[in-house]
Amino acid sequence: MQIEKIDFYGMSAIHFEAGGYEAIMIPEIGANVVKLSHKASGTNILRTPAEDEIETFKGRPQVFGLPLLFPPNRIEDGTYSFENRTYKYPITIPAQNNYHHGIIKSQPFIICLLYTSPSPRDLST
């Protein structure tokens with residue numbers, strides 16, 4: 001597996017290659033694989049934003065790529081408990097008093113350390 005930091009239309013991105021496929025994720029936008037393609041055939045599997053679609057992508061990342069929609073479905077009253085711990089999410093559908101999946105699809109995050117072999121690689125630089 002190969003993993004490297006790249007520039008994707010002015011945004012810092014992570015490029016992955018393994019098993020004949022390549023993928024791109026842009027952590028500053030959220031948990032969304034914005035590109036997945038089969039290298040040998042040149043087949044793009046996901047809708048990847050073009051340079052002129054970046055502003056649309058930033059505003060509505062769920063219409064491109066494969067956003068990670070976690071936790072799944074809707075959570076009544078935005079609260080649930082698991083193993084004696086209570087989790088609370090913001091109400092995103094006020095009419096139903098529910099939290100709707102997908103908060104991490106648009107939450108920026110930072111990849112600091114990566115393991116692809118016995119030796120970790122620091123990606124924070």
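Asparagine 32 is located in strand S4, which spans residues 32-38; strands here are DSSP runs of E with at least two residues, helices are runs of H or I with at least four residues, and both are numbered from the N terminus. The model is predicted: local features need pLDDT of at least 70, side-chain atom pairs count only at pLDDT 80 or more, and totals for chains, interfaces and linings use all residues. Residues are numbered from 1 along each chain as its sequence is written, and side-chain values use heavy atoms, with hydrogens and water left out.

With a relative accessible area of 1%, asparagine 32 is buried (under 20% relative accessible area, 1.4 Å probe, protein chains only). The side chain of asparagine 32 lies 2.9 Å from the backbone oxygen of proline 61, and a polar atom of this side chain is 3.2 Å from the backbone oxygen of phenylalanine 64. Apart from neighbours within four places in sequence, the residues in contact with asparagine 32 include Ile24, Met25, Phe57 and Leu66; contact means heavy atoms within 4.5 Å.

Strands S8 (residues 79-82) and S9 (residues 85-88) run antiparallel and are joined by four bridges, where pairing requires at least two bridges found by DSSP. Serine 81 is opposite threonine 86 of S9. The two strands S8 and S9 form a hairpin with two residues between them, and glutamate 83 in the turn has a positive phi of about 50°.

The chain as a whole contains one helix and twelve strands. Of its 125 residues, 30% are buried.

Definitions and conventions: Buried means under 20% relative accessible area, exposed over 50%, partly exposed in between (1.4 Å probe, protein chains only). A polar contact is a pair of N or O atoms within 3.5 Å; within protein, one must be able to donate a hydrogen and the other to accept it, and residues adjacent in sequence count only if both atoms are side-chain atoms.
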